[in-house]
Amino acid sequence: MTATLNQQIQQFYDASSGLWEQVWGEHMHHGYYGPEGKQKKDRRQAQIDLITELLTWSGVQQAAQILDVGCGIGGSSLYLAEKFQAAVTGITLSPVQAARAAERAQAAGMEPRSNKVQAQFQVADALNMPFASSSFDLVWSLESGEHMPDKAKFLQECYRVLKPGGRLILATWCHRPIPPALNSEEQTHLAKIYQVYHLPYVISLPEYEQIAQSLNWQNIRTADWSKAVAPFWDVVIDSALNPASVWGLLSAGWPTIQAALSLGLMSNGYRQGLIRFGLLTASK
Ligand SMILES: C[S@@+](CC[C@H](N)C(=O)[O-])C[C@H]1O[C@@H](n2cnc3c(N)ncnc32)[C@H](O)[C@@H]1O
(Lines give C-alpha, C1' and ligand atoms only; values in the text may rest on other atoms or scores of the structure.)
Protein backbone atom coordinates (compact mmCIF):
# COMPACT_ATOMS: atom_id res chain seq x y z
CA MET A 1 0.00 0.00 0.00
CA THR A 2 2.63 2.50 1.09
CA ALA A 3 5.04 1.72 -1.75
CA THR A 4 2.28 2.17 -4.31
CA LEU A 5 1.05 5.37 -2.73
CA ASN A 6 4.57 6.82 -2.59
CA GLN A 7 5.12 5.95 -6.23
CA GLN A 8 1.88 7.66 -7.18
CA ILE A 9 2.85 10.76 -5.20
CA GLN A 10 6.28 10.75 -6.79
CA GLN A 11 4.89 10.43 -10.30
CA PHE A 12 2.29 13.12 -9.64
CA TYR A 13 4.87 15.67 -8.51
CA ASP A 14 7.48 14.58 -11.07
CA ALA A 15 4.93 15.28 -13.81
CA SER A 16 3.23 18.41 -12.47
CA SER A 17 5.93 20.45 -10.68
CA GLY A 18 7.39 22.02 -13.82
CA LEU A 19 4.01 23.29 -14.93
CA TRP A 20 3.15 24.54 -11.45
CA GLU A 21 6.43 26.47 -11.27
CA GLN A 22 5.86 27.95 -14.72
CA VAL A 23 2.33 29.15 -13.92
CA TRP A 24 2.58 29.75 -10.18
CA GLY A 25 6.19 29.91 -9.11
CA GLU A 26 8.13 28.06 -6.46
CA HIS A 27 5.49 27.80 -3.71
CA MET A 28 3.16 24.79 -3.87
CA HIS A 29 0.81 25.74 -1.09
CA HIS A 30 -2.23 27.89 -0.28
CA GLY A 31 -2.06 31.67 -0.06
CA TYR A 32 -3.07 33.73 2.98
CA TYR A 33 -5.85 36.27 2.35
CA GLY A 34 -6.24 37.79 5.83
CA PRO A 35 -7.90 36.11 8.85
CA GLU A 36 -11.33 36.25 7.19
CA GLY A 37 -10.05 35.56 3.68
CA LYS A 38 -11.21 38.99 2.50
CA GLN A 39 -7.89 40.63 1.54
CA LYS A 40 -7.23 41.06 -2.17
CA LYS A 41 -3.62 40.51 -3.08
CA ASP A 42 -1.22 39.20 -5.65
CA ARG A 43 -1.31 35.40 -5.61
CA ARG A 44 2.42 34.91 -5.08
CA GLN A 45 2.44 37.47 -2.29
CA ALA A 46 -0.42 35.57 -0.65
CA GLN A 47 1.73 32.41 -0.63
CA ILE A 48 4.69 34.23 0.92
CA ASP A 49 2.32 35.79 3.44
CA LEU A 50 1.21 32.31 4.49
CA ILE A 51 4.81 31.47 5.41
CA THR A 52 5.34 34.70 7.36
CA GLU A 53 1.97 34.42 9.12
CA LEU A 54 2.76 30.84 10.13
CA LEU A 55 6.08 31.92 11.60
CA THR A 56 4.44 34.77 13.50
CA TRP A 57 1.69 32.49 14.78
CA SER A 58 4.18 29.86 15.96
CA GLY A 59 6.41 32.41 17.68
CA VAL A 60 9.58 30.93 16.16
CA GLN A 61 12.18 33.69 15.90
CA GLN A 62 15.36 31.79 15.27
CA ALA A 63 16.57 28.47 13.97
CA ALA A 64 19.92 27.23 12.75
CA GLN A 65 19.19 23.70 11.50
CA ILE A 66 15.85 23.39 9.73
CA LEU A 67 14.13 20.40 8.14
CA ASP A 68 11.49 21.07 5.46
CA VAL A 69 9.39 17.90 5.27
CA GLY A 70 7.71 17.61 1.87
CA CYS A 71 9.70 20.50 0.44
CA GLY A 72 8.37 20.66 -3.12
CA ILE A 73 10.89 22.63 -5.18
CA GLY A 74 12.22 24.33 -2.05
CA GLY A 75 10.01 27.44 -1.94
CA SER A 76 9.82 27.51 1.87
CA SER A 77 13.31 26.02 2.29
CA LEU A 78 15.10 28.89 0.56
CA TYR A 79 12.85 31.44 2.26
CA LEU A 80 13.61 30.00 5.71
CA ALA A 81 17.36 29.64 5.01
CA GLU A 82 17.52 33.33 4.09
CA LYS A 83 15.28 34.56 6.87
CA PHE A 84 17.02 32.68 9.66
CA GLN A 85 20.49 32.62 8.06
CA ALA A 86 20.20 28.89 8.57
CA ALA A 87 21.07 25.53 7.05
CA VAL A 88 17.95 23.91 5.61
CA THR A 89 17.46 20.33 4.49
CA GLY A 90 14.44 19.57 2.34
CA ILE A 91 12.99 16.15 1.63
CA THR A 92 10.49 15.12 -1.03
CA LEU A 93 9.43 11.89 -2.70
CA SER A 94 9.98 13.42 -6.13
CA PRO A 95 13.47 13.28 -7.69
CA VAL A 96 12.38 15.95 -10.17
CA GLN A 97 11.50 18.29 -7.30
CA ALA A 98 14.71 17.52 -5.36
CA ALA A 99 16.82 18.26 -8.45
CA ARG A 100 14.97 21.48 -9.21
CA ALA A 101 15.19 22.61 -5.59
CA ALA A 102 18.96 21.98 -5.59
CA GLU A 103 19.27 23.96 -8.82
CA ARG A 104 17.38 26.88 -7.26
CA ALA A 105 19.57 26.71 -4.14
CA GLN A 106 22.66 26.87 -6.31
CA ALA A 107 21.29 29.85 -8.25
CA ALA A 108 20.68 31.58 -4.90
CA GLY A 109 24.23 30.83 -3.72
CA MET A 110 22.91 28.47 -1.04
CA GLU A 111 24.41 25.19 -2.20
CA PRO A 112 25.87 23.14 0.66
CA ARG A 113 29.37 24.32 1.48
CA SER A 114 31.04 25.85 4.46
CA ASN A 115 28.82 28.96 4.76
CA LYS A 116 26.01 28.66 7.23
CA VAL A 117 23.19 29.81 4.90
CA GLN A 118 22.61 26.73 2.82
CA ALA A 119 19.87 24.54 1.44
CA GLN A 120 20.22 20.92 0.44
CA PHE A 121 17.64 18.51 -0.87
CA GLN A 122 17.15 14.79 -1.07
CA VAL A 123 14.59 12.18 -1.94
CA ALA A 124 13.46 10.60 1.33
CA ASP A 125 10.33 9.29 3.00
CA ALA A 126 9.03 11.36 5.91
CA LEU A 127 7.91 8.16 7.64
CA ASN A 128 11.46 6.84 7.71
CA MET A 129 13.82 9.79 7.66
CA PRO A 130 17.51 9.24 6.99
CA PHE A 131 18.58 11.59 9.79
CA ALA A 132 19.99 10.98 13.25
CA SER A 133 17.74 11.74 16.20
CA SER A 134 17.98 15.30 17.59
CA SER A 135 19.37 16.82 14.37
CA PHE A 136 17.16 19.91 13.81
CA ASP A 137 15.81 22.80 15.83
CA LEU A 138 12.87 23.51 13.52
CA VAL A 139 10.79 21.00 11.56
CA TRP A 140 8.58 22.69 8.97
CA SER A 141 5.85 20.81 7.12
CA LEU A 142 3.67 22.88 4.84
CA GLU A 143 0.99 20.82 3.09
CA SER A 144 2.61 17.41 3.11
CA GLY A 145 0.88 15.80 6.12
CA GLU A 146 -2.20 15.04 4.02
CA HIS A 147 -0.07 12.67 1.91
CA MET A 148 1.13 10.62 4.89
CA PRO A 149 -0.41 7.16 5.21
CA ASP A 150 0.41 6.99 8.94
CA LYS A 151 -0.13 10.32 10.69
CA ALA A 152 1.17 9.06 14.07
CA LYS A 153 4.38 7.71 12.54
CA PHE A 154 4.78 11.01 10.71
CA LEU A 155 4.55 13.07 13.92
CA GLN A 156 6.75 10.55 15.70
CA GLU A 157 9.49 10.90 13.07
CA CYS A 158 9.27 14.70 13.28
CA TYR A 159 9.66 14.39 17.05
CA ARG A 160 12.63 12.04 16.77
CA VAL A 161 14.69 14.26 14.47
CA LEU A 162 14.06 17.41 16.51
CA LYS A 163 16.53 18.49 19.17
CA PRO A 164 15.08 18.79 22.68
CA GLY A 165 13.39 22.20 22.84
CA GLY A 166 13.06 22.26 19.05
CA ARG A 167 9.78 23.16 17.40
CA LEU A 168 7.43 21.70 14.82
CA ILE A 169 5.28 23.87 12.54
CA LEU A 170 2.73 21.79 10.67
CA ALA A 171 0.07 23.10 8.26
CA THR A 172 -2.04 20.47 6.60
CA TRP A 173 -5.33 19.64 4.89
CA CYS A 174 -7.88 18.25 7.35
CA HIS A 175 -11.56 17.35 7.37
CA ARG A 176 -13.98 18.97 9.77
CA PRO A 177 -13.94 17.88 13.41
CA ILE A 178 -16.05 14.87 14.34
CA PRO A 179 -18.61 14.14 15.79
CA PRO A 180 -20.99 14.27 14.06
CA ALA A 181 -19.60 11.47 11.92
CA LEU A 182 -18.91 12.24 8.27
CA ASN A 183 -22.01 11.50 6.23
CA SER A 184 -21.90 9.49 3.02
CA GLU A 185 -21.92 12.59 0.81
CA GLU A 186 -18.93 13.99 2.71
CA GLN A 187 -17.14 10.66 2.49
CA THR A 188 -17.69 10.53 -1.27
CA HIS A 189 -16.47 14.10 -1.63
CA LEU A 190 -13.30 13.28 0.34
CA ALA A 191 -12.73 10.07 -1.61
CA LYS A 192 -12.65 12.07 -4.85
CA ILE A 193 -10.11 14.50 -3.38
CA TYR A 194 -7.96 11.60 -2.15
CA GLN A 195 -7.96 10.01 -5.56
CA VAL A 196 -7.10 13.15 -7.50
CA TYR A 197 -4.40 14.51 -5.19
CA HIS A 198 -2.96 11.12 -4.14
CA LEU A 199 -3.87 11.33 -0.48
CA PRO A 200 -4.39 8.15 1.59
CA TYR A 201 -6.87 10.00 3.86
CA VAL A 202 -7.03 13.14 5.97
CA ILE A 203 -7.99 13.52 9.61
CA SER A 204 -9.43 16.35 11.69
CA LEU A 205 -7.31 18.88 13.55
CA PRO A 206 -8.43 17.61 16.99
CA GLU A 207 -7.21 14.16 15.92
CA TYR A 208 -3.78 15.61 15.08
CA GLU A 209 -3.76 17.25 18.49
CA GLN A 210 -4.61 13.96 20.21
CA ILE A 211 -1.81 12.19 18.36
CA ALA A 212 0.66 14.93 19.33
CA GLN A 213 -0.41 14.65 22.97
CA SER A 214 0.01 10.89 22.94
CA LEU A 215 3.56 11.28 21.56
CA ASN A 216 4.54 13.61 24.39
CA TRP A 217 4.85 16.80 22.32
CA GLN A 218 4.88 19.87 24.58
CA ASN A 219 3.31 23.34 24.27
CA ILE A 220 0.86 22.15 21.64
CA ARG A 221 -1.23 24.81 19.91
CA THR A 222 -3.61 24.43 16.99
CA ALA A 223 -5.61 26.76 14.77
CA ASP A 224 -8.04 26.46 11.87
CA TRP A 225 -7.13 28.87 9.08
CA SER A 226 -9.67 27.62 6.54
CA LYS A 227 -11.26 31.06 6.08
CA ALA A 228 -7.87 32.70 5.53
CA VAL A 229 -6.75 30.34 2.77
CA ALA A 230 -9.94 29.16 1.03
CA PRO A 231 -9.95 31.96 -1.62
CA PHE A 232 -6.77 30.39 -3.01
CA TRP A 233 -8.70 27.77 -4.97
CA ASP A 234 -10.74 30.28 -6.93
CA VAL A 235 -7.49 31.98 -7.94
CA VAL A 236 -6.03 28.62 -9.02
CA ILE A 237 -9.13 27.88 -11.09
CA ASP A 238 -8.73 31.22 -12.90
CA SER A 239 -5.05 30.60 -13.58
CA ALA A 240 -5.73 27.10 -14.92
CA LEU A 241 -7.92 28.59 -17.63
CA ASN A 242 -5.24 30.69 -19.31
CA PRO A 243 -3.93 29.33 -22.64
CA ALA A 244 -0.38 28.65 -21.40
CA SER A 245 -1.75 26.57 -18.51
CA VAL A 246 -4.07 24.59 -20.75
CA TRP A 247 -1.20 23.78 -23.12
CA GLY A 248 1.04 22.87 -20.16
CA LEU A 249 -1.67 20.64 -18.71
CA LEU A 250 -2.01 18.73 -21.95
CA SER A 251 1.75 18.12 -21.97
CA ALA A 252 1.92 17.13 -18.29
CA GLY A 253 -0.42 14.15 -18.70
CA TRP A 254 -3.62 12.75 -17.29
CA PRO A 255 -3.04 12.88 -13.49
CA THR A 256 -2.21 16.60 -13.75
CA ILE A 257 -5.19 17.26 -16.04
CA GLN A 258 -7.43 15.37 -13.63
CA ALA A 259 -6.11 17.44 -10.72
CA ALA A 260 -6.85 20.63 -12.64
CA LEU A 261 -10.34 19.47 -13.61
CA SER A 262 -11.06 18.76 -9.97
CA LEU A 263 -10.07 22.11 -8.47
CA GLY A 264 -13.73 22.77 -7.66
CA LEU A 265 -13.69 19.87 -5.20
CA MET A 266 -11.44 21.88 -2.90
CA SER A 267 -13.24 25.21 -3.17
CA ASN A 268 -16.61 23.50 -2.62
CA GLY A 269 -15.14 21.48 0.23
CA TYR A 270 -14.14 24.68 2.00
CA ARG A 271 -17.50 26.30 1.26
CA GLN A 272 -19.31 23.34 2.84
CA GLY A 273 -17.03 23.35 5.88
CA LEU A 274 -15.82 19.83 5.07
CA ILE A 275 -12.23 20.73 4.13
CA ARG A 276 -10.21 22.52 6.78
CA PHE A 277 -6.75 24.02 6.83
CA GLY A 278 -5.23 22.92 10.12
CA LEU A 279 -2.19 24.27 11.94
CA LEU A 280 -0.31 22.61 14.75
CA THR A 281 2.80 23.81 16.50
CA ALA A 282 4.50 22.01 19.37
CA SER A 283 7.90 21.59 20.94
CA LYS A 284 9.95 18.53 21.91
C1 LIG B 1 1.79 20.14 -2.00
S2 LIG B 1 3.51 19.78 -2.02
C3 LIG B 1 4.07 20.99 -0.86
C4 LIG B 1 5.46 21.48 -1.19
C5 LIG B 1 6.06 22.55 -0.29
N6 LIG B 1 5.91 22.26 1.11
C7 LIG B 1 5.52 23.92 -0.59
O8 LIG B 1 4.76 24.42 0.24
O9 LIG B 1 5.86 24.46 -1.64
C10 LIG B 1 3.60 18.25 -1.10
C11 LIG B 1 5.02 17.72 -0.92
O12 LIG B 1 5.00 16.63 0.02
C13 LIG B 1 5.91 15.64 -0.42
N14 LIG B 1 5.60 14.36 0.22
C15 LIG B 1 4.44 13.67 0.19
N16 LIG B 1 4.56 12.54 0.88
C17 LIG B 1 5.83 12.49 1.37
C18 LIG B 1 6.56 11.57 2.14
N19 LIG B 1 6.03 10.43 2.58
N20 LIG B 1 7.86 11.85 2.42
C21 LIG B 1 8.43 13.00 1.98
N22 LIG B 1 7.78 13.91 1.25
C23 LIG B 1 6.49 13.66 0.94
C24 LIG B 1 5.75 15.65 -1.92
O25 LIG B 1 6.85 15.00 -2.54
C26 LIG B 1 5.69 17.17 -2.18
O27 LIG B 1 6.99 17.69 -2.27
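Which strand is Ile169 found in? Ile169 sits in strand 5, residues 162–175. Keep in mind that this is a predicted model.

I'll stay with Ile169 for a moment. Ile169 counts as buried because 24 other C-beta atoms lie within 10 Å, and the cut-off for buried is 20 or more. Setting aside neighbours within four places in sequence, Ile169 is in contact with Leu54, Ser58, Val60, Trp140 and Thr281. Strand 5 as a whole is mostly covered, with 11 of its 14 residues buried.

Now the partners of strand 5. On strand 4, residues 136–142, the pairing is parallel, over 6 bridges, and Phe136 stands opposite Leu162 of strand 5. Between these two strands the chain passes through helix 5, residues 151–161, and this β-α-β crossover is right-handed. With strand 7, residues 275–283, strand 5 pairs in the antiparallel sense over 9 bridges. Here Leu168 stands opposite Ala282 of strand 7.

Next, a distance. Thr188 is 19 residues from Ile169 in sequence, and their C-alpha atoms are 30 Å apart in space.

On to helix 6, residues 184–197. This helix has 14 residues and reaches 20 Å from its first C-alpha to its last, close to the expected 20 Å. After helix 6 comes His198, with a positive phi near 60 degrees.

Last, the ligand. It is surrounded by 23 residues, and the closest are His29, Gly70, Gly72, Ala126 and Ser144. Helix 1 (2–24), helix 3 (75–84) and strand 2 (87–92) are the elements that each give two or more residues to this shell. By type, the shell has 10 nonpolar, 11 polar and 2 charged residues.

Key. Residues are numbered from 1 along each chain as its sequence is written. This is a predicted model: local features need pLDDT of at least 70, side-chain atom pairs count only at pLDDT 80 or more; totals for chains, interfaces and linings use all residues. A residue is near a molecule or strand if its C-beta atom, placed from the backbone, lies within 6 Å of it. Helices (H or I, at least four residues) and strands (E, at least two) are DSSP runs, numbered from the N terminus. Ala, Val, Leu, Ile, Met, Phe, Trp, Tyr, Cys and Pro count as nonpolar, Asp, Glu, Lys and Arg as charged, and the others, Gly among them, as polar. The expected span of a helix is 1.5 Å times one less than its number of residues. A residue is buried if 20 or more other C-beta atoms lie within 10 Å of its own, exposed if 12 or fewer, and partly exposed in between; C-beta atoms are placed from the backbone. Two residues are in contact if their C-beta atoms, placed from the backbone, lie within 7 Å. Two strands pair if DSSP finds at least two bridges between them. A crossover is right-handed if, with the strands pointing away from the viewer, the path from the first strand over the helix to the second runs clockwise.
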